[in-house]
Amino acid sequence: MDPQLLSIHYSDPIWITIALICGLVVKNLGLPPLVGFLIAGFILNALGAQGGGFLGVLADLGITLLLFSIGLKLKLKSLIKPEVWAVATLHMAVVTALLAWLVLLLSYTALPLITDLNIETALMIGFAMSFSSTVFAVKVLDERGMGSALHGRVSIGVLVVQDIAAVIFIAVSMGKMPSLWTLALVTLIPLRFVFFKILDKVGHGELLVLFGITMALVGADVFELVGIKEDVGALVFGMMLARHPKSNELAKELLRFKDLFLVGFFLSVGMTAMPGLAEILIALLFILFLPVKVAIYFGLFSLFCLRSSSAWRSSLTLANYSEFGLIVGAIAVSSGWLPNEWLGVLAVALSFSFLISSPVISVRDRLYARWRPKLRRLERKSRVEGEENLDLKHIKAIVFGMGRMGVAAYDALERNYSGTIVGVDLDQEKATRLTRMGRDVLPGDVTNPDFWIRAPELHHGLEWVLLTLPVHEANVNSVLRLKEMGYSGRIAVTAKYQDEEEELKALGVDHTFNIYTVAGLGFASELKNFVEK
């Protein structure tokens, strides 16, 4: 990353204020705030505003921390699974070929910017539009607490493979080959244990945050020094720490800073280029191709043995165009392969895809419920690990979310439900670890419409369902899935705030636990027992 003096221009606070207002408006409309930030960028673009150095630094830091956070949650073995690398590779090849063919057909029309394009340029456009947005997908998964779910892990894995392909393309197209010093990166392998020791010592406060930011920036600079794109360095340094017990805590601590810095990125996307009527028209043609892109994803995920519900969720998470398309487009423009107006086309297509994807994702389960019979026809009989059928007809109590609260609830209920209680967690590795410790824990996602299809007899004798998922929206969606399945037993859910408790009770939840209040009561109870002794 280029060293530079970070200074705030007088206009930067105005741009950020406009982004805040737009974010609040779209949030009240039920859309993610990032859509508002994009709209703010287009408004500023229309007014003739230009992003300053401050916004650029925010955007760069946001992307660096984003990729570092992805690395913290990414296990290398997840990339070698066929449903990840094979789907990513085949999808890029098919979409690139189809879009190149479409662009070549349109080149025979009178559409501006498309006439007289050759096959090499058409393939480059198709390649740029074959990616899905890492920023958008990770943001959506984080907001819904689905990063550890099967469809979340698969989606992130596909995005990482795509990002690697983009980095290779950028390096080759710019003629920037890695130096011989790249071989020295193998020394990072033993240094991993040094980083682990430091992470053990930094504690849980501001030093933990500073350590994470330092690691992300150092990783970016080290890789740039040897001729590899800095974003790859941030990703690799995150992956080096992924197996540390505090990696999840570090990712959560960095989330607030990452979100702040990404405001600059989304503002910058909207302010990239001023699109005209021709650019908007061509971008809309790419938007019409999005359903085809989603259908190809769904077909490939189904081919590689994902259940239709997981394939559907993964496909819609990836139903957009990518910020890497802008990077590829910028390289093509600077090399003289495309006119400058194509940056406007790519920016509009990217932004419109975000605007369309956000509301579709919010109703994806309802759409799946409507089309389930047709979509399930594409399912294969074999299943990937984590989606096998479950025999849970003997279960009377189930705990969804096996974090600290979930484990405590499981242990408390096991006294009365020994042999008839099971825990379910999104994280497959956590489920395996807890099972080795003597608890009956399975990987699964209660918000998935097809979870109950995996265990069709589960809800017949079920008496208690405890929901201790860390994200409120995930708990709400789980309650809705239970009601849709006709479950009439008792439901208890954890919450953090009073308004969350009220929303849950309005949905028919029997009991809510405010984790802050319960923690205080538990401490007071233990203190009372200690004093009485």
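This is a predicted model: local features need pLDDT of at least 70, side-chain atom pairs count only at pLDDT 80 or more; totals for chains, interfaces and linings use all residues.

Q: OK, which residues of helix 10 meet helix 11?
A: From helix 10, Met215, Ala216, Val218, Gly219, Ala220, Phe223 and Glu224 do. Their partners in helix 11 are Glu230, Val232, Gly233, Ala234, Val236 and Phe237.

Q: And at what angle do helix 10 and helix 11 pack?
A: About 130°, with the axes 7 Å apart. Angles over 145 degrees would count as roughly antiparallel and 65 to 115 as roughly perpendicular, so helix 10 and helix 11 are oblique to each other. The crossing is right-handed.

Q: Switching topic: which residues touch the most other members in the largest nonpolar core?
A: Phe68, Phe286, Trp342 and Phe400, out of 156 residues in that core. Helix 13, residues 277-303, gives the most to it, with 12 residues.

Q: What does Phe286 touch, leaving out residues up to four places away in sequence?
A: Leu99, Val103, Ile125, Met129, Tyr321, Trp342, Val345 and Ala349.

Q: Now Ser133. Is it buried or exposed?
A: Buried, because its relative accessibility is 0%. Ser133 sits in the loop between helix 6 and helix 7.

Q: What's Ser133 in contact with, beyond four places in sequence?
A: Leu159, Asn320, Tyr321, Ser322, Glu323 and Phe354. Tyr321 is also on the Phe286 list.

Q: Where does the Ser133 side chain reach?
A: To the backbone nitrogen of Phe136, at 3.0 Å.

Methods:
Residues are numbered from 1 along each chain as its sequence is written. Side-chain values use heavy atoms; hydrogens and water are left out. A nonpolar core is a set of buried Ala, Val, Leu, Ile, Met, Phe, Trp, Tyr and Cys residues joined through side-chain atoms within 4.5 Å. Buried means under 20% relative accessible area, exposed over 50%, partly exposed in between (1.4 Å probe, protein chains only). Helices (H or I, at least four residues) and strands (E, at least two) are DSSP runs, numbered from the N terminus. Contact means heavy atoms within 4.5 Å. A polar contact is a pair of N or O atoms within 3.5 Å; within protein, one must be able to donate a hydrogen and the other to accept it, and residues adjacent in sequence count only if both atoms are side-chain atoms. Axes are lines fitted to C-alpha atoms, for helices over the stretch in contact, and angles run from 0 to 180 degrees between N-to-C directions. Angles under 35 degrees count as roughly parallel, over 145 as roughly antiparallel, 65 to 115 as roughly perpendicular and the rest as oblique. A crossing is left-handed if the near helix is turned anticlockwise from the far one by less than a right angle, and right-handed if clockwise.
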